[in-house]
Amino acid sequence: MASRLPGQLSGGQQQRVAVARALAPRPKVLLLDEPLSALDLKLRREMQGELKRLQQETGITFILVTHDQEEALAMSDRIAVMSAGRVLQMGAPREIYDNPKSRFVADFIGESNVLPGAAVGHGSDIMVAVRPERIALSMLASGLPGKIRGTITSITYLGLDTLYEITLDNGERLRSRSRQSISGLDAGQAVILDWPSDAERHLAN
């Protein structure tokens, strides 16, 4: 590719050249500010793997700035979630995803259903987050126990999983994700929603 002009290189090739130039002087820290935002999905995934491999091979600290939550989870050893110039939470990707400390973090990293609740024994109001993939659905007529009732408002097939949007009897809206299409469920159908108690995370305001 050495004989080509910059404009003759593809977006992915240009990104590789930019990374190579940045790594050439062997910096102690490399700042990557949304480096993959202009690439298509397939190329972005390839570059994520390549950047991760380069970081491991060189041992250089990479600081990656991104608004893509999936990219942050896939590429990072440690994540800092920031808002208005403040670090709200810092930790390993799994810790940030599984144990968000605030509503902002729960909403920003991944997707969360946030419900009002009350702390038992204290009587104070709290917010409870439950990830969509932890919510199980069953038909109302099944007789299975559940935490709350609702009605399916839409079903969206996403390839890897299926997204169910549910309106609860009190008007709140929740989302449930399942790796398999649940037989017999359709829009307009009444359902029971349930999730394990360890799926709940109490959030700070």
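Is Arg177 buried, partly exposed or exposed, and what is its relative accessible area? Arg177 is partly exposed, at 23%. Buried means under 20% relative accessible area, exposed over 50%, and partly exposed in between (1.4 Å probe, protein chains only).

This is a predicted model: local features need pLDDT of at least 70, side-chain atom pairs count only at pLDDT 80 or more, and totals for chains, interfaces and linings use all residues. Residues are numbered from 1 along each chain as its sequence is written, and side-chain values use heavy atoms, with hydrogens and water left out.

1. **Arg177 and its partner.** Arg177 forms a salt bridge with Glu111 (3.2 Å, N to O). A salt bridge here is a side-chain nitrogen of Lys or Arg within 4 Å of a carboxyl oxygen of Asp or Glu. Glu111 sits in the loop between α5 (103-108) and β5 (113-118), and Arg177 in strand β10 (residues 173-178), so the pair ties together parts 66 residues apart in sequence. Helices (H or I, at least four residues) and strands (E, at least two) are DSSP runs, numbered from the N terminus. Glu111 is partly exposed, at 22% relative accessibility.

2. **A second bridge to β10.** Glu165 pairs with Arg175, their closest N and O atoms being 3.1 Å apart. Glu165 lies in strand β9 and Arg175 in strand β10, so this bridge ties together parts 10 residues apart in sequence. Glu165 counts as buried, at 18%. Arg175 is partly exposed, at 31%.

3. **The network.** A network of salt bridges links Glu111, Asp161, Glu165, Arg173, Arg175 and Arg177. The count for the model is 12 salt bridges. Side chains of opposite charge can pair when their charged atoms come close.

4. **A bridge elsewhere.** Asp68 and Arg44 meet in a salt bridge of 3.9 Å, N to O. Asp68 is in the loop between β2 (61-65) and α3 (69-75), while Arg44 is in helix α2 (residues 41-58), 24 residues apart. Asp68 is partly exposed, at 27%.

5. **Arg131, a charge without a bridge.** Arg131 lies in the loop between β6 and β7 (136-139). Arg131 is buried but has no salt bridge; Glu133, the nearest side chain of opposite charge, is 5.2 Å away. Lys and Arg count as positive and Asp and Glu as negative; His and the chain ends are not counted. What does the side chain of Arg131 reach at 3.1 Å? It reaches the backbone oxygen of Ala106. A polar contact of 2.9 Å also joins the side chains of Arg131 and Ser112. A polar contact is a pair of N or O atoms within 3.5 Å; within protein, one must be able to donate a hydrogen and the other to accept it, and residues adjacent in sequence count only if both atoms are side-chain atoms.

6. **Two cores.** The largest nonpolar core has 16 residues. Such a core is a set of buried Ala, Val, Leu, Ile, Met, Phe, Trp, Tyr and Cys residues joined through side-chain atoms within 4.5 Å. Elements giving two or more residues to this core are β6 (125-130), β9 (162-168) and β11 (190-194). A second, separate core of 13 residues includes Val19, Leu23, Leu54 and Met75.

7. **Trp195.** Trp195 is one of the residues with the most contacts inside the largest core. Beyond four places in sequence, Trp195 touches residues including Leu115, Ile135 and Glu200. Contact means heavy atoms within 4.5 Å.
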